[in-house]
Amino acid sequence: MRSQQILLIIGGGIAAYKSLELIRLLARDGIAVRTILTRAGEEFVTPLSLAALSRAPVHRDLFSLTDEAQMGHIELSRAADLVVVAPATADLMAKAASGEANDLATTTLLATDKPVLMAPAMNVRMWQHPATQRNLARLKADGVSFVGPEDGAMACGEFGPGRMAEPPAILEVIRSLMGAQGQLKGIKALVTAGPTHEPLDPVRYIANRSSGRQGYAIARALVAAGAQTTLISGPVNLPAVAGARLLSVETAEQMLAATREALPVDVAIFCAAVADWRAESVAEQKLKKTPGPPTLRFAANPDILATISRGPHRPRLVIGFAAETQAIVAHGKDKLARKGCDWILANDVSPSSGVMGGTHNRVHLITARGDEEWPELDKAEVATRLVARIATALQGAS
Ligand code: CTP
């Protein structure tokens, strides 16, 4: 399969340095990048650094005989799945809005029939000027997508909207735009993620160490593959996943209700570290300190995975996680049977593994056919692998 390709147009702004990081992130995801550097852009980043990072020649001149002979401006956009302009300066936006074509960047933007994403970056007053806002509305009406700008301190010493979105945020939007052509197009998915908080009184709760990272990474990979994704999240400290519908919940009972609301779906992945117990009754007022240790009475929480696996509207593919600290595969196999799901991703969550709250994961994929040990991977890579497997399974089943 041909790898996905981005055509990145780099305009002349101080934020151009962030485009180098964007290329690095895209390359890490296996997305090839071709670059066009505007004249003004050359004042901020060098063609050499772009060529080194993208491992491809940098296109700069509309009338370059060698460029046109090897790959003309029409060909450049034809080979791309998406055209990204970052930074999109006020000047580039104005030219694109009015259809000017007087250099390689603007000619390419006028000639392309591919989706275009712009990441604006400019001084706050330039951004707020009616002319720029007019151009923004015009470009949106023409079907151009935007990411940012963000609020913040600017290189010019002012504060407000105008900072280019950070590369990871741009990458997320790129993934979701490319996902529209992905292998899970037309598939509906839900993911539960993060811990649940079970209140004891208005100020205290029981929780666990889940960060939600693995679940969020899976939701991101599903969106990137084109799945219509609902992310049902307990309390976490993570940015939302662009392109996914987010249902934020606190308790296990709320998570079950939100999961039911998200059905029917084709595939459900239960990644949340749901609390098995909740306080039998939640005190209305803050519990006061008593002389002796208090006695808490607990009630069992619903098992969301088992409930959905055995309930009406069962998704075609139900995937659970097994958080274990010992006998990982044996416990994982047991959970597969007990919970009635199709696959279990069993992982070692003992403190020495660094999985809970960490960036990496080492999982065993357990199915009715046996178990498969995956190497230690970044949580994003676990997610990408899992999504590829889901795509194969759903294609095989349909
Ligand atoms: N799960 C769930 N609802 C619960 C408990 C767990 O949906 N109330 C799901 C988790 O999201 C995960 C799987 O069930 O996909 C296994 O979770 P885990 O915490 O490993 O298992 P438990 O059922 O809690 O079993 P144990 O505590 O005995 O390990």
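Me: Which residues form the nonpolar patch on the surface?
Reply: W277, L287, L296 and F298 form that patch, and together they have about 400 Å² of accessible area. Patches take residues with over 30% relative accessible area and no salt bridge, joining nonpolar side chains (Val, Leu, Ile, Met, Phe, Trp, Tyr) within 5 Å and like charges within 9 Å, while the areas come from the Shrake-Rupley method with a 1.4 Å probe, with only the protein chains shown counting as cover for residues. This is a predicted model, in which local features need pLDDT of at least 70 and side-chain atom pairs count only at pLDDT 80 or more, whereas totals for chains, interfaces and linings use all residues. Residues are numbered from 1 along each chain as its sequence is written, and side-chain values use heavy atoms, with hydrogens and water left out.

Me: And where is L287?
Reply: L287 is in the loop between β15 (277-279) and β16 (298-300), helices (H or I, at least four residues) and strands (E, at least two) being DSSP runs numbered from the N terminus. L287 counts as partly exposed because its relative accessibility is 39%; buried means under 20%, exposed over 50%, and partly exposed in between, with a 1.4 Å probe and protein chains only.

Me: Switching to the sheet, what is the strand order?
Reply: Eight strands form an open sheet with mixed pairing, in the order β13-β12-β9-β14-β17-β18-β20-β21, where two strands pair if DSSP finds at least two bridges between them. β13 (245-248) and β21 (370-373) stand at the edges with a single partner strand each, so one side of each has no neighbour in the sheet. From one strand to the next the twist averages 15°.

Me: How do the pairs at the two ends run, parallel or antiparallel?
Reply: β12 (residues 228-233) and β13 pair in the parallel sense over four bridges, with S233 standing opposite S248 in β13. β20 and β21 run antiparallel, joined by four bridges, and they form a hairpin with two residues between them; there, H364 stands opposite E373 in β21.

Me: Which strands does α13 lie across?
Reply: Helix α13 (residues 328-339) lies across β17 (317-324), β18 (343-348), β20 (363-367) and β21, at about 150° to β18. Such angles run from 0 to 180 degrees between N-to-C directions, the axes being lines fitted to C-alpha atoms, for helices over the stretch in contact. K335 is in this helix and counts as buried because its relative accessibility is 16%. Not counting residues up to four places away in sequence, K335 touches A322, A323, E324, G340 and I344, contact meaning heavy atoms within 4.5 Å.

Me: What does K339 pair with?
Reply: K339 forms a salt bridge with D303, the closest N and O atoms being 2.6 Å apart; the term requires a side-chain nitrogen of Lys or Arg within 4 Å of a carboxyl oxygen of Asp or Glu. The pair links distant parts of the chain, 36 residues apart, with K339 in helix α13 and D303 in the loop between β16 and α12 (304-310). K339 counts as buried at 15% relative accessibility, whereas D303 is partly exposed at 30%.

Me: How many salt bridges does the structure hold?
Reply: The structure holds 20 salt bridges. Among them is the one between D91 and K95 (3.2 Å, N to O), which are four residues apart in helix α5 and therefore separated by about one helical turn.
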